[in-house]
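Look at the fold as a whole before reading on. Then follow the report part by part.

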Amino acid sequence: MDKEKLARTIKGEIAQAIGEEVIVSVRDSIAELRGRSSSLQNAVDAGHIAAGSEQVRQVVNEIDYPGKMPVVLPPKISDELTGKEFDVVIIGGGVIGLAIARELSRFDLKIALIERHHDLGMDQTAHCNAMIHPALLTERGTLKWEMNYKGNAMWDEVASRLDVDFKRIGTLVVAENPDEELFLPGVVDLARIQNDPEPKVLDREGLDRIEPGLAPNIKKGVLVWNTGVIGVFELIIAYAENAWANGVKLFLDTSATGVHVEGGSIKAVETTRGRVKTRILVNAAGLYSDKIAELAGDRFFTIHPRKGETIIFDKSYQPVQTVLATFSMVGERSAYSKGGGLIPTVDGNLQFGPTAEDVCDREDVSTTSVARETLFNRFAPALERVKPHYTRPDRGTIITHFAGCRAATYKEDFIIEPSKKVKGLVHVAGIQSPGLAAAPAVAERAKEIIVENWHPADNVKFEPRRRRSKHYSELDQRERIELIRSNPLYGHIVCRCEHVSEGEIVKALHGDIAAQSIDAIKRRTRSGSGRCQGGFCMPRVLEIISRESNISKQLVTKNGGKSFILNGKVKQVRE
Ligand SMILES: Cc1cc2nc3c(=O)[nH]c(=O)nc-3n(C[C@H](O)[C@H](O)[C@H](O)COP(=O)(O)OP(=O)(O)OC[C@H]3O[C@@H](n4cnc5c(N)ncnc54)[C@H](O)[C@@H]3O)c2cc1C
């Protein structure tokens with residue numbers, strides 16, 4: 001079909017579906033949508049309709065709608081990076097940018113990673129459910145599917161090399177009645193079709209070993225054993241420490257605000273801290289990857305944020321060992337979401353979530369009572385039904401509720417490719433769920449692109465291993481005594497819920513990838529992650545940060561930027 005005809009067809013399909021006229025043009029198989037729509041949902045639906053055409057490679061959706069948020073670039077704050085020169089600059093310190101940084105550090109390349117936040121992994125990665133998904137529910141034939149099944153299989157080695165907690169707890173799909181038992185072979189077939197390893201078919205005895213306390217009516221199930229859970233914050237630091245140890249330079253609090261292209265090739269990145277020269281630019285900017293592509297003159301996709309909210313229960317309430325699923329839950333998937341579920345964390349909490357809702361603002365991390373109730377009302381009855389011998393789920397045991405946006409393209413697939421327009425630019429974009437599960441494979445694919453095009457020599461000093469120090473709470477009595485003897489700060493427990501010592505907090509403040517805020521300490525040590533959510537330890541952590549960083553308490557932030565906790569003295573104390 002010629003491009004005018006294709007544009008007319010798409011325009012007609014959109015008008016029919018949403019009842020609104022938008023302007024559609026097609027160039028180089030990219031559909032561009034413009035005009036005005038009465039709602040966000042209509043604009044998003046229009047994007048998906050355009051993407052539905054097989055002849056459309058990507059969609060740029062410029063449709064205006066009430067509440068649309070423009071992307072505003074931050075102002076320049078210094079020139080300290082001007083004059084620096086690298087072979088590769090990676091924009092984005094989420095799991096993808098960091099995994100790529102580590103992968104590229106196998107080569108003799110000067111690499112820099114720039115991250116706009118004061119800490120790493122704070123966007124999608126921090127708000128994910130830390131589940132290493134099987135490829136069971138990704139659409140076969142997509143790049144997302146390929147990266148998912150390949151990435152999943154890589155985690156045992158990656159987690160062991162980086163010394164990160166990772167457990168293959170499995171997804172257990174149970175049949176609640178004889179009719180549902182008939183569907184279980186279908187789960188096994190699906191896993192085969194999806195290139196997942198063969199799941200295990202379990203009878204009641206097998207089920208009791210894996211997931212004790214199931215309701216008596218549950219006689220059969222299928223264990224998709226390759227589902228894993230991982231310590232995602234530990235992983236971020238591990239990737240960063242290993243990349244750093246192998247020579248990668250990390251620049252935090254640094255936003256990319258421009259891309260310099262000359263003669264069709266990447267020359268430099270403009271940042272809030274000055275101009276950095278580079279010949280290769282990796283766009284791993286997550287929710288802003290379309291903006292980076294636009295800054296480089298290669299705008300061919302649009303990210304539309306899809307928010308997910310999750311609730312987490314106290315460790316005292318943890319009735320499941322696996323990602324437990326019933327057929328009724330599987331039935332509640334939507335077109336662009338796996339539908340959430342009952343997901344244990346590697347630390348022993350239970351999560352209900354996430355939700356999936358298109359939103360206007362990429363920065364929307366707000367939590368709502370509507371989502372909390374939706375999640376509770378959806379998953380609590382199923383849990384009560386399949387695990388009747390456990391205490392009933394209770395809203396009082398919810399310790400926190402968080403939200404973050406997924407970086408979805410309208411094709412709903414990953415983009416991992418060299419730019420077709422700008423030499424030296426590599427896009428690693430649209431990495432929404434299951435991007436964490438896929439991360440090692442995505443990084444490997446990005447590496448292959450760079451190796452094929454630039455043939456770098458090996459880094460003969462590359463060290464693939466990283467070792468972490470055990471948390472105080474993981475030590476036995478003898479190890480604790482020894483540690484406290486060597487440094488009495490380990491004998492002072494600051495976070496009582498998670499048993500985090502002052503020694504660990506001080507270490508996190510002076511580590512290679514040093515924490516600079518209360519939440520950064522939480523991500524590294526778990527201080528504030530327990531039942532009281534920092535109610536007890538936050539003032540103490542604040543004091544320690546102030547003392548160790550030699551800054552006034554008023555300058556200590558909850559999570560970077562201007563998230564100050566104290567704004568002045570209530571009364572003057574006479575010394
Ligand atoms: C609610 C939710 C639940 C999820 N659950 C799972 C799950 O259980 N399992 C799974 O496999 N996947 C899950 N995902 C998906 C997974 O989190 C993402 O696919 C993955 O984290 C993507 O990583 P990333 O590095 O591409 O993006 P991000 O983590 O968003 O990182 C991109 C980084 O780029 C930085 N950046 C952006 N613009 C600039 C700029 N101009 N200059 C400098 N830096 C910039 C950002 O600050 C950010 O840190 C979930 C996602 C969400 C939102």
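## Helix α2

The buried residues of α2 are covered by elements that include α1 (3-18), β1 (23-27), β2 (30-34), β3 (58-61), β16 and β20 (357-358). Contact here means that two C-beta atoms, placed from the backbone, lie within 7 Å. Helices (H or I, at least four residues) and strands (E, at least two) are DSSP runs, numbered from the N terminus.

This is a predicted model: local features need pLDDT of at least 70, side-chain atom pairs count only at pLDDT 80 or more, and totals for chains, interfaces and linings use all residues. Residue numbers start from 1 along each chain as its sequence is written.

Which residues of α2 are buried? They are Ala43, Val44, Ala46, Gly47, His48, Ile49, Ala50 and Ala51. A residue is buried if 20 or more other C-beta atoms, placed from the backbone, lie within 10 Å of its own; it is exposed if 12 or fewer do, and partly exposed in between. Helix α2 covers residues 40-51, and its end C-alpha atoms are 17 Å apart. That agrees with the 16 Å that its twelve residues should span at 1.5 Å a residue. The expected span is 1.5 Å times one less than the number of residues.

## Isoleucine 311

Isoleucine 311 sits in strand β16 (residues 304-313). It counts as buried because it has 24 C-beta neighbours inside 10 Å. Leaving out residues up to four places away in sequence, isoleucine 311 touches Gln351, Phe352, Gly353, Arg372, Leu375, Phe376, Ile398 and His401.

## Domains and ligand

An automatic or database domain assignment sets the domain bounds. The chain is divided into domain 1 (3-61), domain 2 (85-126 + 232-303 + 410-454), domain 3 (167-228 + 305-408) and domain 4 (472-555). The C-alpha centres of domain 1 and domain 3 are 35 Å apart.

Domain 2 and domain 3 each give at least three residues to the shell around the ligand. Of the 41 residues there, Gly92, Gly94, Gly286, Gly308 and Gly435 come nearest.

## Helix α16

Helix α16 (residues 538-549) has buried residues Met538, Val541, Leu542, Ile544 and Ile545. Seen down the axis of α16, they fall within an arc of 165°, so they line one face of the helix. The arc is that of the directions from the helix axis to the C-beta atoms. These buried residues pack against β24 (493-495), α14 (502-509) and α15 (518-525). Asparagine 550 follows α16, with a positive phi near 55°.

Notes. Near = placed C-beta within 6 Å.
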